[in-house]
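I opened my notebook to look up a few spots in a new structure. Here is what I wrote down as I went along.

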Amino acid sequence: MKLRHVAVLSISAAFLATCVWIMGGDAWAARREGRSEFAWTAAFGRLEDLKRKYPKIETNETAKRLEELAKALGFDLAPVVRTAGAAPRPRPPAEERTAQTTSDYISAQICRSEASIDAPPEELTRFLEEKRGTLEGIESLVIAGPPPMWSFDISRPERDAPVPNGLGQLRLQRILLARALSAALGGRGDAAARSLEASWNLNESLRTRPETLSLLFAMAIARLQVGILREVSVDERLWRQRLTTLDPRRSLLDAHVLDARLNSSRNWWRDFFRNDGHSPWYKRARDLLASPMERVVMVEYSNLMRDELSRLRGSALSDPLPEPPTPARGSAAQIIASIWMPYIRNSFARVDRLVVDVELTSKILEAKQLRKENGMRWPAAIPGIETSRFPGASWRYEATPDGRMSIAFSRELASPYAQTGMKPLPLRFSSN
């Protein structure tokens, strides 16, 4: 009897301690979460106010029609759902071949520092001719109507929400921009400008979404547009005005803040630490016991992200710096943050580089505009052309007696694309 009594008391004590830990631990975690949310509000404002900036939208008719037209080109623009473990949607072989050929051609044109356009490869020329009717239909659609918009609802869990097919859009954009280059090479300036305008309007569907992946695709497309604007003849005043709107730092900050704040809610730690809801009872029991500590870990992670985003918000344009190695030891939150912070810092480095690339293109357009007003002679000097938003750097403009012009950046910048294989746009330009 005595042994049984001790066993009953031990089990009761363990049960009581477990209940105290779960209830007390939850209260402890809730206090930490409340303090963290208060600090987020002090740094970035109320989460509800940020959500109101990005209201729910439905897929419009322009987007639906564009998906159908893109199919005729062999391109898939249907939205994708980021389900964990889901295999990427297979792409038609024709799309793969055309995409690679077009990518290589576009890259070769925008990554040279002198004004010149090569003829597209024979395969690409044939594709552009065979699909001319469809491409003209796409351009007419996105120029005449409202920009294509795919559904967006910030209240839906990130992994369940369909997002625009950024890769499909990138591949279609390269086709439109190759079409612009081909038209410019053939002396058809109006056709080149039309393709560029269609490209710009289409990118609106990605540029306006507070999603880091959509914004990264939008920046990659903007980089192509900025490079090609240096090579073709356009309405300089119009495009210089458009380029003033091309600074996605604010949108990118909003996207990262939303990611961090929504992911640090009381539901996300379950997704992070658990695989599914079908575990054996003893694993679920273990998870229940561990949940207060796991919530505290996510609060610490959220605080680290808030501090980093606050720093990035106030930072000046800069080169991407080498990342410190992932700490072998440290808290769980520090290790998680060390995995994600390099990705976040690189996204801001891409924004910074895009700002500098836009600066050069805008100055080239300004010089071309003044040349037209100066009897087709490059101006000897352009007031203010040397200014740059990049700290400690400037632009050097020169017009030579042989009728050429050059603009160059005063320093070299590290590439933020080192891990992607992309080449940065040159920071100098010479007219032909």
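**Notes on the cavity**

I looked up the lining of the largest cavity and found that its largest share, 4 residues, comes from H9. I noted that this is a predicted model, where local features need pLDDT of at least 70, side-chain atom pairs count only at pLDDT 80 or more, and totals for chains, interfaces and linings use all residues. Residues are numbered from 1 along each chain as its sequence is written, and side-chain values use heavy atoms, with hydrogens and water left out.

Helix H9 (212–229) and H14 each give at least two residues to that lining; helices here are DSSP runs of H or I with at least four residues, numbered from the N terminus. Among the lining residues I found Leu216, Met219, Arg350 and Tyr417. A cavity is a set of points on a 1 Å grid over the protein atoms alone where a 1.4 Å probe fits but cannot get out, and lining residues have an atom within 4 Å of a point.

**Notes on two residues**

Is Thr62 buried or exposed? I found that Thr62 counts as buried because its relative accessibility is 8%; buried means under 20% relative accessible area and exposed over 50% (1.4 Å probe, protein chains only). Thr62 sits in helix H3 (residues 61–71). Beyond its neighbours within four places in sequence, Thr62 touches Leu141, Pro146, Pro147 and Pro148, where contact means heavy atoms within 4.5 Å.

Next I checked Ile339, which lies in helix H14 (residues 332–373). Ile339 counts as exposed, because its relative accessibility is 55%.

Note on methods: 1 Å grid on protein atoms, 1.4 Å probe; cavity = no way out; pocket = protein on both sides within 12 Å on 5 of 7 lines; lining within 4 Å.
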